[in-house]
Amino acid sequence: MSISKENISMGKENTHLQVELEAVKKKLAQYQFAAAGANEGLWDRDLISGEVFISPPWLTMLGYDPKEIKEYFSLWEELMHPEDHQITVKALDDFIAGIKDDYNVQFRLRHKNGHYIWVQSTAKLTVDENNIPIRVSGSHRDITEKKRSEEIIKLSEEKYKNFFKNSLIGIMRVRKDDLEVMEINQKGMSILALPHLTRHLKLTDLFVDKGETDRFMALLSEKESLEEYEAKFQRWDESETWVSISASEIEINKQNFYDVVFRDISEFKENLLELQRLNFELDNFVYHASHDIRSPLRSLMGLIEILKTESRPAEIRKIIEMVTGSINRLDKFVVDLLAMSRDHRMEEPEAVPINFMVEVNNSITNFHHVYTTKNLEIRTKIIQWYPFHSDLTKIRIILNNLISNSIKYRKNLDEGFSFINIEIETSDKEAKLIIEDNGEGIPHDKLGKIFDMFYRASENSEGSGLGMYIVKNVIQKLDAEIKVDSEEGEGTKFEIVIPNRYNIENFK
């Protein structure tokens with residue numbers, strides 16, 4: 001640390017500086033105490049007096065007991081590796097002289113046992129009111145293990161290439177200055193659906209949201225490394241996928257790169273969204289279920305109170321009919337809840353033969369006596385040349401809900417003739433069901449909501465609002481499809497396609 005003292009004005013050694021020096025000594029003593037159990041060694045040099053202070057860890061990381069060393073001034077240079085001496089000392093001199101803005105260097109110091117350890121040293125300069133340097137303070141950190149790790153990585157380059165090639169996660173190396181993807185492993189290409197690494201593919205090209213690109217790069221530039229950053233990537237086939245990205249900056253042959261590790265988390269994201277949806281549905285269910293259960297109960301309580309004071313037989317019979325209606329509505333709601341619960345909890349049952357003629361007739365019979373069917377014509381056309389196997393309970397849920405709705409939401413009796421057309425045809429692959437009526441119909445603004453839980457599309461509905469929601473869930477579990485077309489005041493048409501689970505090889 002050879003700094004010419006002739007350039008420092010001796011006139012600055014006044015009482016003020018002495019007071020400041022004593023204060024710094026006291027503060028350094030506190031640093032020494034605090035640093036005794038730390039992993040970094042602290043040092044301080046007074047550029048006026050030349051006095052040097054060193055914390056105990058500075059020495060212990062080199063194997064010395066602090067009591068062994070009496071002279072600190074030239075110790076640093078004496079222990080330095082000859083190959084590092086010139087460039088390291090010059091770096092500190094340039095920093096003190098103001099030629100360099102910072103001091104952050106790595107060099108080797110000789111351990112008491114004779115071997116060398118690698119040290120990373122940083123420093124801060126203190127100047128007086130005339131901008132003249134008066135002291136320099138810094139720290140030493142033992143980075144021997146880091147250097148050893150770097151050497152191991154260098155010697156194990158072939159192993160790294162093998163890991164890069166065969167890893168189960170996506171890995172790519174990106175050039176820092178222009179963010180071009182220089183290398184990408186097979187798993188990464190699979191995640192991105194890349195047939196091959198194209199020229200000029202940039203990391204920023206992969207982000208679906210360009211605003212997300214800016215946020216990612218800003219964080220990476222600020223921290224030099226990121227872990228588990230979630231973003232959506234654009235794949236080569238123009239599809240999109242959620243990925244979790246970890247990235248860190250590395251230097252290879254004096255050129256900076258980002259090593260980027262990424263994995264596909266689309267399934268995790270879908271599960272998370274599904275969980276959020278289920279939580280929303282649960283909240284919605286609790287709210288509506290409590291309301292729909294309490295409403296008929298309050299009605300019952302009110303009717304019972306009236307019944308207590310009523311003596312006229314005709315009025316009593318009328319009240320009993322109203323009580324029966326409330327009980328029936330409550331019973332229907334409970335039945336729907338049980339059906340929904342069974343549908344969610346039941347394991348996939350074995351497919352059984354379905355006779356659509358029998359099931360349609362049963363469904364019509366079940367509801368024919370419940371609702372007024374005056375001026376109603378139900379037409380059925382069932383062509384079942386091929387055996388059809390499926391979940392019988394789910395088939396009945398579909399037929400019962402759609403047929404009962406067609407009967408329930410007919411036009412007013414004074415508006416004339418009503419019809420329901422039921423057409424079913426089976427093949428070796430599927431069954432096609434069409435249920436069409438000329439009833440009330442569904443307004444266009446409500447058509448997209450009819451499968452929502454507790455949604456009632458008709459003002460005349462007295463149902464639970466669960467029927468079509470249950471149908472939607474049944475359709476999904478059967479891997480089936482459903483389409484609906486409706487015009488308000490004209491009628492509604494449902495088309496359902498259900499896969500046939502019958503093994504066609506048996507039908508020969």
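Is Glu145 buried or exposed? In this predicted model, Glu145 is exposed, with a relative accessible area of 52%. The cut-off for that class is over 50%. Glu145 forms a salt bridge with Arg148. The closest N and O atoms of this pair are 2.4 Å apart. Both residues belong to helix α5, which spans residues 144-155. They are 3 residues apart, so about one helical turn separates them. Arg148 is partly exposed, at 42% relative accessibility.

In total, the structure holds 27 salt bridges. Another one joins Glu228 to Arg263, with 2.9 Å between the closest N and O atoms. This pair links distant parts of the chain. Glu228 sits in strand β8 (residues 225-234), and Arg263 sits in strand β10 (residues 255-264). The two residues are 35 residues apart. Glu228 is partly exposed, with a relative accessible area of 45%. Arg263 is also partly exposed, at 39%.

A further salt bridge forms between the side chains of Glu240 and Lys232, at 3.8 Å from N to O. Glu240 is partly exposed, at 42% relative accessibility. For Lys232 the relative accessible area is 30%, and this residue too counts as partly exposed. Salt bridges can also share partners, as they do among Arg175, Asp177, Asp178 and Glu180. These four residues are joined into one network.

The surface also carries a nonpolar patch, formed by Phe268, Leu272 and Leu275. Together, these residues have about 270 Å² of accessible area. Leu275 lies in helix α9, which covers residues 266-309. At 46% relative accessibility, Leu275 is partly exposed.

Helix packing was examined for α12 and α14. Two packed helices are described by the angle between their axes and the distance between the axes. Helix α12 covers residues 392-408, and helix α14 covers residues 467-477. Their axes come within 9 Å and cross at roughly 145°. The crossing of α12 and α14 is left-handed.

On the α12 side are Lys394, Ile397, Ile398, Asn401, Leu402 and Asn405. They meet Gly467, Met468, Ile470, Val471, Val474, Ile475 and Lys477 in α14. Asn401, found in helix α12, is buried at 14% relative accessibility. That value falls in the buried class because the cut-off is under 20%. Leaving aside neighbours within four places in sequence, Asn401 is in contact with Gly467 and Val471.

How many of the 11 residues of α14 are buried? The count is 8, so α14 is largely enclosed by the rest of the structure. The buried residues of α14 are Gly467, Met468, Tyr469, Ile470, Val471, Asn473, Val474 and Ile475. Just after α14, Asp479 takes a positive phi of about 55°.

Methods: Residues are numbered from 1 along each chain as its sequence is written. This is a predicted model: local features need pLDDT of at least 70, side-chain atom pairs count only at pLDDT 80 or more; totals for chains, interfaces and linings use all residues. Side-chain values use heavy atoms; hydrogens and water are left out. Helices (H or I, at least four residues) and strands (E, at least two) are DSSP runs, numbered from the N terminus. Buried means under 20% relative accessible area, exposed over 50%, partly exposed in between (1.4 Å probe, protein chains only). Patches are made of residues with over 30% relative accessible area and no salt bridge: like charges are joined within 9 Å, nonpolar side chains (Val, Leu, Ile, Met, Phe, Trp, Tyr) within 5 Å. Accessible areas come from the Shrake-Rupley method with a 1.4 Å probe; for residues, only the protein chains shown count as cover. Axes are lines fitted to C-alpha atoms, for helices over the stretch in contact, and angles run from 0 to 180 degrees between N-to-C directions. A crossing is left-handed if the near helix is turned anticlockwise from the far one by less than a right angle, and right-handed if clockwise. Contact means heavy atoms within 4.5 Å.
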